[in-house]
Amino acid sequence: MTGAQEGGAGEEKVKKEAGQRDEGESELPEGLQDKSQEKAEDEPALPAGLGGASEDEKEGGEPALPAGLGGGKEEGGAEGGPALPEGLGGDEPEMTDGMDSEGEGEDEYGLFAVKDGGWDLTGFWEVRSGYRLQETEFAQDKSIGETRLQLEMQKVTDELTFNVTTDLVYDWAANSQRVNLNEGNGFLDLREANVVGSPFEFMDVVAGRQILTWGTGDLLFLNDMFPKDWQSFFIGRDTEYLKAPSDAIKASVFTDLVNVDVVYTPQFDPDRFVTGDRLTYWTGRRIAGNNAIVDDDRPDNWFEDDEWAVRLKKNVQGYEIAGYGYWGYWKSPGGQNPFTGDATFPRLNVYGASVRGQFAGGIGNAEVAYYDSKDDGDGDDAFVNNSQMRYLLGYSQDLPTIAEDLTLDLQYYVEQTLDYGELRRNMLPGTEPPEEWREVVTVRLTKLFMNQTLTCSLFTYFSPSDRDAYMRPNVHYKVTDELAVEAGGNIFFGDYEHTFFGQFEDNTNLYGAVRYNF
């Protein structure tokens, strides 16, 4: 898989579409809306201790409320509020028989919630279907066709929080229903199964299957080396499924000097990359699909083929500054066995940094990463990816002077292949070399209508160096608090079959979905 999948679509800004944001993230300036937060409103609540907590909250501080709205008792107020007019105060009216909120099996979390120390149960049921706009002999016409029931269960005790999120799926576009939890195939997809605790006041620990993400890119990943599900991303599933789960232990340590996150994955978790069974792709010599399913030889020994990831983060005068390290393997195939032809995952270390904060009336971010391809230090191995430098600049701003609830996000991404001369000299005859400097520009336009119940967005990748593009239009309408409908597309363009987005041109598809949340 090309580096674009590694650095292509990522975090926190899966965040913006995937609706995820890492813990301890600094607040946005007044007047700027964070689309990831808006998206997150449609998602089930995160477990206690997982995300959403600001630095102030972590330190136990809360902003002061205006006079009259505080929690302290005031004269004439039942719980600190001003005295109500006569006839409007006093005790709550008695509930009519059969409407008592203390009814068995229910509480404020909803119909399916279990009270008194039991498991809280939330989730959704969804039907999603999509079709290709072009015919190809290497894939069926349906890009996606599935009904999905997600059950999210949580149990909170005095010391620990237990989380289980699992999806039951019937996908009539899939070639097989056989379950593979690592690859996300079959009728069962276990998204989370973990326990959360705080062994010390300054430390949180999450152990088990979990969704991990960090970095500053909007669907561009530099230092986020946690697994992605590129197949889900391209066939039309909700963007939250771009992030694949990790079987890992995450420890977060909070100090006055710096906050530290350490993630240990005892068995290598690769991306759920394009293999040809659902999407056509460039093999290195031609376009193929279900006639050339990718065989891979992945590291999979527990506690030997493991991964480490570290992030140091600190807020300095309103700017979030972070440093990153990763020790593991290329997440999508970064090499090939010359004898068997199997795709391989060579060793890879990544070192990087990022900064994000207010800039020119909006929010700016910058990120850099050095990809140290350990199995090809000199860049002369034709079967292993060369080392790379990756750079990202981003900017986001609301545009109220043009239209209400209109937001523009821009990014400029560069992928520099190191030891490029060695790469060209040692390439196999008939193979297409990558660009030494691959450039990608992304544009996200988002507009809300009808009291923010209707969201229209367009996310576009355009590579001037590869002369290809990828567009993701989407319309999402929240019919009620529980019911939502959605339509969108994955549209690919390219002058050449061997470029990253150009290779997927035959996979251009449109899809629609209906989701009921409970």
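Which strands make up the open sheet of three strands, and in what order do they stand? I will come to that in a moment, after a word on the model.

This is a predicted model, where local features need pLDDT of at least 70, side-chain atom pairs count only at pLDDT 80 or more, and totals for chains, interfaces and linings use all residues. Residues are numbered from 1 along each chain as its sequence is written, and side-chain values use heavy atoms, with hydrogens and water left out.

Now the sheet. Its order is E10-E14-E13, and the pairing is mixed. Strands E10 (296-297) and E13 (335-336) stand at the edges with a single partner strand each, so one side of each has no neighbour in the sheet. A strand here is a DSSP run of E with at least two residues, a helix is a run of H or I with at least four, and both are numbered from the N terminus. Two strands pair if DSSP finds at least two bridges between them. E10 and strand E14 (residues 343-344) are joined by two bridges and run parallel. Aspartate 297 stands opposite threonine 344 in E14.

Next, the chain as a whole. It has six helices and 23 strands. Of its 518 residues, 47% count as buried, where buried means under 20% relative accessible area, exposed means over 50%, and partly exposed is in between, with a 1.4 Å probe and protein chains only. Take contacts between residues at least 6 apart in sequence: 60% of them join residues at least 24 apart. Contact means heavy atoms within 4.5 Å. The accessible surface comes to about 25,000 Å², and 55% of that belongs to carbon and sulfur atoms. Those areas come from the Shrake-Rupley method with a 1.4 Å probe, and for residues only the protein chains shown count as cover.

E7 covers residues 259-265, and seven bridges join E7 to strand E11 (residues 307-316), the two running antiparallel. Tyrosine 264 has tryptophan 308 in E11 as its bridge partner. E11 in turn is joined to strand E12 (residues 319-329) by nine bridges, again antiparallel. There, valine 310 has glycine 325 in E12 as its bridge partner. E11 and E12 form a hairpin with two residues between them, and glutamine 317 in the turn has a positive phi of about 50°. As background, side chains in a regular strand alternate between the two faces of the sheet.

Is threonine 265 buried or exposed? Threonine 265 is buried, at a relative accessible area of 6%. Beyond its neighbours within four places in sequence, threonine 265 contacts Asp247, Ala248, Asp306 and Glu307. Threonine 265 and aspartate 306 are 41 residues apart along the chain, yet 5.6 Å separates their C-alpha atoms.

Aspartate 269 is in the loop between E7 and strand E8 (281-282). Aspartate 269 is buried and has no salt bridge; arginine 209, the nearest side chain of opposite charge, is 5.8 Å away. For charge, Lys and Arg count as positive and Asp and Glu as negative, while His and the chain ends are not counted. Setting aside neighbours within four places in sequence, the contacts of aspartate 269 include Pro227, Pro245 and Lys331.

That brings us to salt bridges, defined as a side-chain nitrogen of Lys or Arg within 4 Å of a carboxyl oxygen of Asp or Glu. How many are there? The count is 28.

Arginine 237 pairs with aspartate 171, with closest N and O atoms 3.7 Å apart. Arginine 237 lies in the loop between helix H5 (230-235) and strand E6 (246-254), and aspartate 171 in strand E3 (residues 160-171), so the pair ties together parts 66 residues apart in sequence. Both arginine 237 and aspartate 171 are buried.

Another salt bridge joins arginine 128 and glutamate 126, at 3.1 Å from N to O. Arginine 128 and glutamate 126 are both buried. They also belong to a network of salt bridges with Asp238, Glu240, Glu486 and Arg515.

Last, the surface. Trp125, Val127, Tyr170, Trp172 and Tyr516 make a nonpolar patch of about 510 Å². Patches take residues with over 30% relative accessible area and no salt bridge, joining like charges within 9 Å and nonpolar side chains (Val, Leu, Ile, Met, Phe, Trp, Tyr) within 5 Å. Tyrosine 516 sits in strand E23 (residues 509-517) and is partly exposed, at 41% relative accessible area.
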